[in-house]
Amino acid sequence: MTPAAPGDPADAAAKAAAPRRSLATLQQQLFSYAQDLRDLMEQQSLLQQRYQLALQSHGSSTHSADVLLDAIPKTIDTYLVTDSQGEIVRASPGAQRAFASGGAELKGKFIWQFIHWSHLEIVTKLLAKFVGVGATGAVEQRKLVLLDRALPRAIIYDALVIPVRKLDRMEIVWLLRAEVQSGLSDIAIQKLMLTSSECAAGLFIADANGLVCGVNSAFSRVTGYSGADLVGENPRLLSSGRQDADFYRSFWAHLVEAGSWTGEFFNRKKNGRIYTERKTVRAVKNEKDETVSYINAMVEISHDESETQPRTNPAHHDALTGLPNRRLLEDRLTQAMANARDGSNKFCLMHIDLNRFKPINDEFGHQVGDQVLREVSARLQATVRQSDMVARVEGDEFVILLQNPVHNEDAHSIASSVLTALAAPVELADGKGLKLSVSIGCARYPLDGDDVATLLKHADAAMYSAKRLGLEFSFFEADSIVQPGPDMGADILLALERQQLHLVYQPQVTPDKFHQLRGCEVLLRWNHPLLGEVLPLTFIPIAEKNGAIVALGYWVLETACEQLSAWQKDGLLGLTLSVNISSRQLQDPQFAQRVSQILRTHGIKPSSLELEITEADAMQYLQDARSRLSQLRELEVKLAIDDFGSGYSKLSSLGSLPVQRLKIDRNFVRDLAQSSAARAMSECFIGIAATLGMDVTAGGVETQAQLDVLASQGCHLVQGFLTGKPMAADAFAAWARESGQAACDRA
Ligand code: C2E
Ligand code: MG
């Protein structure tokens, strides 16, 4: 949540809560497991003591996570237990309520799916650290932003992350406590909102930190903001800018002192219009006389037509939006740098660019383009603190000057608020909604530049970097500008959620004249919103590096098996699915079990699945590969060595793997027609396979001449553009029927 501006309601609310918070900061922030704990260290050591005691009393370390969970107080009802890859093996009812949409089971999903993109890296690093150290008993305490499916919105959690050992594997317990706690229960708020739905007065309830927990219908009618727009937000979203910091200070001072305030406020509706409301705000206290909520009741008394257009100075402000222009921004920057020379002051620049703004202008005309820019500027202004500045520097480009971000997370959090604020479609005159997307680049002062021009340039470069990589947000990093960075892996998981990934299927046929269809290779595609179709060779290595491949790999398997099952029901029988897997997937001790479970779920015979592992992977991770492949083999799943010929296998090693097929690397196939050396190689590969009792598939077959050579050498199956390109599922099914018919005709 965006930190509050000095002088605005949330800031004052935070200050009002300050004495209480300062006493309890450590206790509350870092899981107050028991009321009598004084500080974090005590809490952690107590937790560990309890854990050890519980372990001893159970006399076994085989159910460590269970023991740990038994040891914690029942007040913590939101926790997840994952394996070392982030797969959820257990979820508390509280977690189930918070993260599962539509009652879906959390078990079997990956924690990544519920982590806000800006915090994925933290989780990746945590998991890597635990796996690397193999530590148990270590406790990490972090703030994590998770996506609450029920509301839906991002919520900051205090997370205590504890690795424990269960038999031969590691489990990780994530104890979670939402940072923003409402003083009134959700049920109480819902009841209040329901009973007040017919009420003429607009009503909203805020929690002790001033964040909105609920609004009634009259409030939405007046302001244009729905509950979904406002819940979890800071009410300064409504701020008109007409009241100064002194006004808010005296408002809050009175409210804290007297427990209620009545008077007039100028606020701004969702459509940008300023209106006057008469309102009463009352603080709700608990039995200890602490404020737990604020109830705001209001009626509109007038609105001011003249205020729909901003009042600005044309030399320093942009005429369309009324925002400061580049010149004013540069002045402010120069000033901020002068103030910051003693190192006491930090700030950062966020360069925000609307994606695909030009097509909006072209398709809907300039009037709509202008409306979009005005709406974006209003939303940006409503998102930042009063001490920050939003400027329009170019057509569809905005810059936020963000004062005093203490950590990178602060910038992340503002960026996340900006993205949330811009996520709602812009309503056009014909009632249709226009969805926007933006790329945000961030440069920090003085880290990323210590003069105005450099800092602006680097914020711009970071924005381009984000755009190029299809990310929503990126910090400036000198070397991450042209290369897809590790963040792309996190983006892939997001892509999974946003259904930007799909599979294509490439036929594998006999090399004879009948080209009988035997199966297909499953290939992953990413329909990237900016980059178009991204091929796996671009993103798989990144996903392998940061571990995202594990979740991705299960999704591929699950989707492909579901597809095969659908085909089988449609009468397309006898096909084998060849699915590529990475060595990282084989490192998951549960892999064979999961594969078996997926096959069972979709009613697929294990022998209808062939898993391809590249020769290089198989040789590099021989130990892991051998034991995991043996487990798979026991299931009767088929195994193939992919890209054979490129990885310099030792024959003895190859022979020790339980594989049934070699796939000849397409680099060898390419030269078959012209080069006798290439022909000798492929003949040799087919000979090796025969010696080891394996079949051979040749990939990348593009010409009849290549096919003829392979057929004459006794290759069992071919795959390539000549006999069939990778196709979407429907096209593949149609192709399969046609080719089956053609084979019959040829016979
Ligand atoms: P691969 O397993 O060797 O897959 C065959 C690649 O050759 C595919 O590229 C396919 O489109 C391409 N290809 C097929 N026929 C021809 C041809 O006649 N000529 C040429 N020039 N190319 C042909 P794609 O789809 O780009 O995949 C590249 C690699 O990415 C795959 O190589 C595989 O190693 C990896 N990959 C693809 N999908 C997955 C996946 O779901 N999981 C994992 N772990 N890796 C995957
Ligand atoms: Mg392959």
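# Exercises on a predicted model

At 40% relative accessibility, Cys684 counts as partly exposed. Keep in mind as you work that this is a predicted model. Let's start with that cysteine.

## Exercise 1: A cysteine in a helix

Task: Find out where Cys684 sits, and how many residues separate Cys684 and Gln713 in sequence.

Solution: 
- Step 1. Look for the element: Cys684 belongs to helix H24, which covers residues 676-691.
- Step 2. Check the class: partly exposed runs between the 20% limit for buried and the 50% limit for exposed, and Cys684 has a relative accessibility of 40%.
- Step 3. Compare sequence with space: Cys684 and Gln713 are separated by 29 residues along the chain, and their C-alpha atoms are 9.5 Å apart.

## Exercise 2: The surroundings of Glu610

Task: Decide whether Glu610 is buried or exposed, and work out which side chain makes a polar contact with its own.

Solution: 
- Step 1. Use the cut-off: buried means under 20% relative accessible area. Glu610 has 3%, so this residue is buried.
- Step 2. List the neighbours: leaving out residues up to four places away in sequence, Glu610 touches Thr576, Leu577, Ser578, Val579, Lys638, Leu639, Ala640 and Arg661.
- Step 3. Pick out the polar partner: the side chains of Glu610 and Arg661 make a polar contact at 2.9 Å.

## Exercise 3: The magnesium ion

Task: Name the residues that coordinate the magnesium ion (ligand 2) and describe their spacing along the chain.

Solution: 
- Step 1. Identify the donors: Glu521 (OE), Asn580 (OD1), Glu612 (OE) and Asp642 (OD) coordinate the magnesium ion (ligand 2), at 2.0 to 2.2 Å.
- Step 2. Write the spacing: along the chain, these donors follow E-x58-N-x31-E-x29-D.
- Step 3. Join two of them: Glu612 is in strand S22 and Asp642 in strand S23 (residues 638-644), so this pair ties together parts that lie 30 residues apart in sequence.

## Exercise 4: The shell around ligand 1

Task: Describe which residues come nearest to ligand 1 and which elements give two or more residues to its shell.

Solution: 
- Step 1. Find the nearest residues: among the 22 residues around ligand 1, those that come nearest are Glu521, Asp642, Arg666, Glu702 and Phe721.
- Step 2. Look at polar atoms: a polar backbone atom of Leu524 is 3.2 Å from a nitrogen atom of ligand 1. An oxygen atom of ligand 1 has a polar side-chain atom of Asp642 at 2.8 Å. For Asp643, a side-chain N or O atom is 3.4 Å from an oxygen atom of the ligand.
- Step 3. See how much is covered: ligand 1 taken alone exposes 800 Å², and the protein buries 87% of that.
- Step 4. Name the elements: strand S19 (517-528), helix H16 (536-546), strand S21 (576-581) and S23 each give two or more residues to the shell. The largest share, four residues, comes from S19.
- Step 5. Sort by class: the shell holds 10 nonpolar, five polar and seven charged residues.

## Exercise 5: The buried residues of a helix

Task: Which residues of H16 are buried, and what follows the helix?

Solution: 
- Step 1. Recall the helix geometry: an α-helix has 3.6 residues a turn, so residues three or four places apart point the same way.
- Step 2. Read off the buried residues: in H16 they are Pro536, Phe539, Ile540, Ile542, Ala543 and Asn546.
- Step 3. Go past the end: Gly547 follows H16 and has a positive phi, near 90 degrees.

## Exercise 6: Backbone angles to look up

Solution: 
- Step 1. Find the cis bond: the peptide bond from Tyr445 to Pro446 is cis, with omega near 0 degrees. Pro446 is in the loop between strand S16 (438-445) and helix H14 (452-469).
- Step 2. Turn to His515: its phi is positive, about 45 degrees, although His515 is not a glycine. This histidine is in the loop between strand S18 (501-509) and S19, and is partly exposed at 23% relative accessible area.
- Step 3. Finish with Glu636: its phi is positive too, near 80 degrees. Glu636 is in the loop between helix H21 (622-635) and S23.

Definitions and conventions. Residues numbered from 1 in each chain as written. Chains lettered and ligands numbered in written order. Predicted model: local features only at pLDDT ≥ 70, side-chain atom pairs only at ≥ 80, totals over all residues. Heavy atoms only, no water. Buried < 20%, exposed > 50% of the residue type's maximum accessible area, 1.4 Å probe, protein only. Polar contact = N/O pair within 3.5 Å; in protein donor to acceptor, adjacent residues only side chain to side chain. Contact = heavy atoms within 4.5 Å. Donors = N, O, S within 2.8 Å, 3.2 Å for Na, K, Ca; no water. Near = heavy atom within 4 Å. Areas by Shrake-Rupley, 256 points an atom, 1.4 Å probe, with all protein chains shown as cover. Nonpolar A, V, L, I, M, F, W, Y, C, P; charged D, E, K, R; others polar.
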